Amino acid sequence: MNSSRPGSGDPVSALSTPVPVIDEDVVTGNIARVQAYMDEHGITFRPHIKTHKILAVAQAQRAAGAKGINCQKVTEAEIFAEAGFGDILITYNILGAEKLERLAALNGRIEALKVTADSAVTVEGLAQAFAAERPLTVMVECDTGGGRCGVQTPEEALSLAQKIAGSGGLGFGGLMTYPKPGSAAAVEAWLSRAVDLLAKEGIPCPAVSNGGTPSLFEAHMVPSATEHRAGTYVYNDRAMVRAGHCTLDQCAMHILATVVSRPTQDRAVIDAGSKALTSDLLGFSDFGHIVDYPEAVISGLSEEHGVVDLSRCAGRRPEIGEKIRIVPNHTCVVSNLFDEMVFHRGGRVTRVEAVAARGMVW
């Protein structure tokens with residue numbers, strides 16, 4: 001990250017930029033807030049580690065009451081399994097000989113590994129890689145309106161569940177969905193229909209996994225679901241503020257950046273470009289919220305530069321050399337752009353954590 005590693009107690013303001021800084025108290029509050037909601041409603045909570053990719057953060061989530069973790073790649077799961085996480089769900093269609101070989105090895109190492117599938121092709125590949133003496137648990141991914149992966153109807157879910165249950169090296173683990181936010185009623189109708197079809201055919205459905213941070217506080221409105229998965233909530237970001245999930249004060253990650261140029265009265269340039277803030281817009285017309293200058297607009301990014309439009313700033317404007325804090329549009333991508341995250345409390349560094357699963361591509 002930097003040539004000189006920050007130490008505990010160092011002021012955040014002295015850090016070399018660009019650098020993501022994580023507020024310890026806000027992270028702790030986010031974890032407690034969501035776990036308390038899940039506990040209140042009797043819903044098992046399975047955090048998605050893709051937001052932070054940090055072992056210590058996942059350990060804090062588990063200590064707060066989370067049951068297992070959610071990964072998106074076999075290599076991510078390997079990293080967390082090595083650290084002692086034994087209940088892992090990989091929500092992805094896993095294809096290809098190398099991935100399947102690694103998946104089989106992982107299945108032999110931990111207590112509870114589950115994956116998802118939404119086609120006979122994926123199921124057949126999994127079945128060829130696993131044996132009855134050490135079967136793999138497979139959940140059927142269901143498209144309940146999110147428009148990404150997933151079988152399209154409850155009837156298709158039943159058919160694929162039957163195929164999984166009939167494969168010697170596999171076991172049917174239930175249903176999984178990543179829904180469209182704000183669609184709890186439709187999700188419940190879809191899932192309850194699928195669960196009923198499975199029951200009528202005598203197929204046990206051990207779990208129904210719902211997901212997403214935007215729909216997190218609607219989890220109790222999907223009673224057919226037995227667990228909920230969410231990732232972004234641990235840091236939160238500008239998109240989650242817009243969705244009404246949190247406030248700006250509940251955004252734990254800021255990108256600390258330095259103003260490196262003021263070519264005109266109305267334009268500043270910062271040292272955070274697409275390699276620090278990401279180019280994800282997520283429906284915004286700009287690239288992040290500047291906490292210290294909320295009227296300023298990050299109007300454009302190149303790789304190492306961010307252009308800031310200051311024309312709307314009525315008062316003081318940032319000067320060359322000044323450091324500013326930015327709430328990113330999409331915090332999950334930022335985690336994959338840095339090797340380390342600097343944590344702080346009250347503006348003083350508390351620890352530096354490796355983004356252990358960063359860049360895991362397989």
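Student: Why is Ala-243 called partly exposed?
Tutor: Its relative accessible area is 49%. Buried means under 20%, exposed means over 50%, and partly exposed is in between (1.4 Å probe, protein chains only), so 49% makes Ala-243 partly exposed. By the way, this is a predicted model: local features need pLDDT of at least 70 and side-chain atom pairs count only at pLDDT 80 or more, while totals for chains, interfaces and linings use all residues. Residues are numbered from 1 along each chain as its sequence is written, and side-chain values use heavy atoms, leaving out hydrogens and water.

Student: Where does Ala-243 sit?
Tutor: In the loop between α8 (238–242) and β10 (253–264); helices (H or I, at least four residues) and strands (E, at least two) are DSSP runs, numbered from the N terminus. Pro-181 is 62 residues away from Ala-243 in sequence and 9.2 Å away in space, C-alpha to C-alpha.

Student: What makes α5 roughly parallel to α6?
Tutor: Helix α5 (residues 120–129) and helix α6 (residues 154–165) pack at about 10°, with axes 10 Å apart. The axes are lines fitted to C-alpha atoms over the stretch in contact, and angles run from 0 to 180 degrees between N-to-C directions. Under 35 degrees counts as roughly parallel, over 145 as roughly antiparallel, 65 to 115 as roughly perpendicular and the rest as oblique, so α5 and α6 are roughly parallel.

Student: Which residues of α5 and α6 meet?
Tutor: Ala-120, Val-123 and Glu-124 in α5 meet Leu-160, Lys-163 and Ile-164 in α6, contact being heavy atoms within 4.5 Å. The residues of this contact split into four nonpolar, no polar and two charged.

Student: Which way do the residues of β9 point?
Tutor: In strand β9 (residues 227–230), Glu-227 and Arg-229 point one way, His-228 and Ala-230 the other, and all are buried.

Student: What makes a set of residues a nonpolar core?
Tutor: The members are buried Ala, Val, Leu, Ile, Met, Phe, Trp, Tyr and Cys residues joined through side-chain atoms within 4.5 Å. The largest one here has 47 residues, and Leu-175 and Ile-88 are among those touching the most other members. Helix α7 (residues 184–200) gives the largest share, seven residues. Apart from this core lies another, of 43 residues, including Phe-45 and Met-253.

How values were computed: Ala, Val, Leu, Ile, Met, Phe, Trp, Tyr, Cys and Pro count as nonpolar, Asp, Glu, Lys and Arg as charged, and the others, Gly among them, as polar.
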